[in-house]
Amino acid sequence: MAIHHSLAELIGNTPLVTLNHVASDVRATIAVKIEYLNPGGSSKDRIAERIIDAAERAGQLKPGGVIVEPTSGNTGVGLALVAQQRGYRTIFTLPDKVSESKRAVLRAYGAEIVVTPTDAGPDDPRSYYQVAQRLADTIPGAFRPNQYDNPNGPASHYATTGPEIWRDTDGKVTHFIAGIGTGGTISGTGHYLKDASNGAVTVVGADPEGSIYSASDRSAIHQYDIEGVGEDFYPKAFDRTITDDIVKVNDHDAFLMTRRLAAEEALLVGGSSGMAVAAAVRYAREHNLDEHQLVVVLLPDSGRSYLEKIFNDDWMHAHGYGDIVEATAQPSLAA
Ligand code: PMP
């Protein structure tokens, strides 16, 4: 019988599908890897499982243990899902700017939430980083995954995401493109694909305009609206030697592509997915990639987490993206 014994068994083995409309002027095949089909709805399920496995093996997590992490989104869901199945408590600290619906998701999985002031910087004792560290230091049996530093993040992608792409393309993948947040996805997957192809696969990062990874200097670092990607420091999970190129994408182009993916490809994905596809299309055009090239783009999460933002016309108008609403509007039924 094909019955699984735990939802965690369903992590990984996400499918690839070609883009058929939004890149119609590109000769290369662009295939996307749909990570929202993981049980927790994102690529972060992969790292959660491996980080928890490794902590158990190292004796950092014991029965009755508590996982403490500053995270508002996908990593929290992944950790909560795996922790719940194994009987661990989870406590997440998050800044008060995080929407009530995101908090509700984490609570639904059984996580405890500690809300901290958004305006407290990383060095402020009230910040969500510092509060998490204090809780981890004082709660007996607490384990802090620290996804930005934990080598098991990239290792999970080396062990699963990379081999899946190699297998599902019969080793014909020529380019891998992904956004960079902690850098775990691009480092782990990129290294696997380079190893498997003797260095033939080209690895391209996609980065929001304003983030450090694609900034010419520190003065070019600024706020942006795309969530989950980009940084203002270099995390240990990101191996800076892995990318052959980094494509900078602004909020506008990322959000336009995000809306087009839903409207034209039936892919309801998040803004970092739209960013990665926008980067892939631009890269393919600028490098004249032809029909011999097979570009794989990783789409980290679902658009359902962004219904109040990217898919909300009022929010889009209020944030200066009104032209995108017009461009992706359905033809009016009114004569
Ligand atoms: N997109 C989204 C929505 C994410 O949550 C993340 C993880 N922060 C990423 C992209 C980037 O993945 P990584 O941290 O592996 O670089």
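A residue is called buried if 20 or more other C-beta atoms, placed from the backbone, lie within 10 Å of its own, exposed if 12 or fewer do, and partly exposed in between. This briefing applies that term and several others to a predicted model, in which local features need pLDDT of at least 70, side-chain atom pairs count only at pLDDT 80 or more, and totals for chains, interfaces and linings use all residues. Residues are numbered from 1 along each chain as its sequence is written.

**Overall form**
- The chain contains 10 helices and 10 strands, where helices (H or I, at least four residues) and strands (E, at least two) are DSSP runs numbered from the N terminus.
- The radius of gyration, taken over C-alpha atoms, is 20 Å, which agrees with the value near 20 Å for a compact globule of 335 residues; that rule is 2.2 Å times the number of residues to the power 0.38.
- Along the principal axes, the C-alpha atoms fill a box of roughly 60 × 50 × 50 Å.
- Of the 335 residues, 50% count as buried.

**Annotated domain**
- The unreviewed UniProt entry places "domain: Tryptophan synthase beta chain-like PALP" at residues 9–301; such annotations may be inferred rather than shown by experiment.
- This span is 37% helix and 17% strand, and its end C-alpha atoms lie 19 Å apart.

**Nonpolar cores**
- A nonpolar core is a set of buried Ala, Val, Leu, Ile, Met, Phe, Trp, Tyr and Cys residues joined through C-beta atoms within 7 Å.
- The largest core has 61 residues, and Ile177, Ala276, Ala279, Ala280 and Val297 have the most contacts inside it.
- Helix α8 gives the most to this core, with 9 residues.
- A second, separate core of 27 residues includes Ile47, Ile67, Ala83 and Tyr128.

**Surroundings of the ligand**
- The ligand is surrounded by 16 residues, the closest being Gly181, Thr182, Thr185, Gly228 and Ser272; a residue is near if its C-beta atom, placed from the backbone, lies within 6 Å.
- By class, this shell has 3 nonpolar, 11 polar and 2 charged residues.

**Two loop residues with positive phi**
- Most residues other than glycine have a negative phi.
- Ala266, although not a glycine, has a positive phi of about 60°, and it is found in the loop between α7 (251–265) and α8 (271–286).
- Ala266 counts as exposed because it has 10 C-beta neighbours inside 10 Å.
- Asn288, also not a glycine, has a positive phi of about 50° and is found in the loop between α8 and β10 (294–299).
- Asn288 is exposed, with 10 other C-beta atoms within 10 Å.

Technical notes: Nonpolar A, V, L, I, M, F, W, Y, C, P; charged D, E, K, R; others polar.
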